[in-house]
Amino acid sequence: MITKLVNVRYEDGKRIATQEVAHSKSDDLFTLANLQRRLESILSLIAEPPAGYDAARLEAEKADIVKEMELIEGYIAGYDTQEETA
């Protein structure tokens, strides 16, 4: 991942920086692998929740991870489309 500062401006007493971030396919694959590990951990907790764990919170966290995985999988699919048209 490469981050490039594009612009800095000041507004309402705050500094606002605009950045351009370039991700590689391997960056996205690494992110997906980390999400898969997090999902495995959550699924284990859901299957056998320790005393005091909130099942609704675990299900919400699972849903968030699945949603993020779908987003990253879409990014990865985009690389394949780009390679086919090149």
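Helices, of at least four residues, and strands, of at least two, are DSSP runs numbered from the N terminus. On this basis the chain of this predicted model contains 2 helices and 2 strands. Read from the N terminus, the order of the elements is β-β-α-α. The radius of gyration of the chain is 18 Å, well over the 12 Å given by the globule rule for 86 residues, and the chain is therefore more spread out than a compact globule.

**Overall dimensions and surface**

The C-alpha trace spans about 50 × 45 × 15 Å along its principal axes. Of the 86 residues, 13% count as buried. The chain exposes about 6700 Å², and 53% of this area is supplied by carbon and sulfur atoms. Among contacts with a separation of 6 or more, 42% are between residues 24 or more positions apart.

**Nonpolar patch**

A nonpolar patch on the surface is formed by Leu5, Val8 and Tyr10, which together have about 340 Å² of accessible area. Leu5 belongs to strand S1, which covers residues 2-11. Leu5 counts as exposed because its relative accessible area, 53%, lies above the cut-off of over 50%.

**Salt bridges**

Side chains of opposite charge can pair when their charged atoms come close. The structure holds 3 salt bridges, listed below.

| Salt bridge | N to O distance |
|---|---|
| Arg9 and Glu11 | 3.3 Å |
| Arg57 and Glu61 | 3.3 Å |
| Glu59 and Lys62 | 4.0 Å |

In the pair of Arg9 and Glu11, whose side chains meet in a salt bridge, Arg9 is partly exposed at 36% relative accessibility, and Glu11 is likewise partly exposed, with a relative accessible area of 36%.

Arg57 and Glu61 both lie in helix H2, which comprises residues 55-85. These two residues are 4 residues apart, about one turn of the helix. Arg57 has a relative accessible area of 42% and is partly exposed; Glu61, at 26%, also counts as partly exposed.

How many residues apart are Glu59 and Lys62 in helix H2? Glu59 and Lys62 are 3 residues apart, and therefore about one helical turn separates them. The closest N and O atoms of this salt bridge are 4.0 Å apart, and the pair qualifies because a salt bridge requires the nitrogen to be within 4 Å of a carboxyl oxygen. Glu59 is partly exposed at 37% relative accessibility, and Lys62 is partly exposed at 28%.

Key:
Residues are numbered from 1 along each chain as its sequence is written. This is a predicted model: local features need pLDDT of at least 70, side-chain atom pairs count only at pLDDT 80 or more; totals for chains, interfaces and linings use all residues. Side-chain values use heavy atoms; hydrogens and water are left out. Patches are made of residues with over 30% relative accessible area and no salt bridge: like charges are joined within 9 Å, nonpolar side chains (Val, Leu, Ile, Met, Phe, Trp, Tyr) within 5 Å. Accessible areas come from the Shrake-Rupley method with a 1.4 Å probe; for residues, only the protein chains shown count as cover. Buried means under 20% relative accessible area, exposed over 50%, partly exposed in between (1.4 Å probe, protein chains only). The radius of gyration is taken over C-alpha atoms; the globule rule is 2.2 Å times the number of residues to the power 0.38. Contact means heavy atoms within 4.5 Å.
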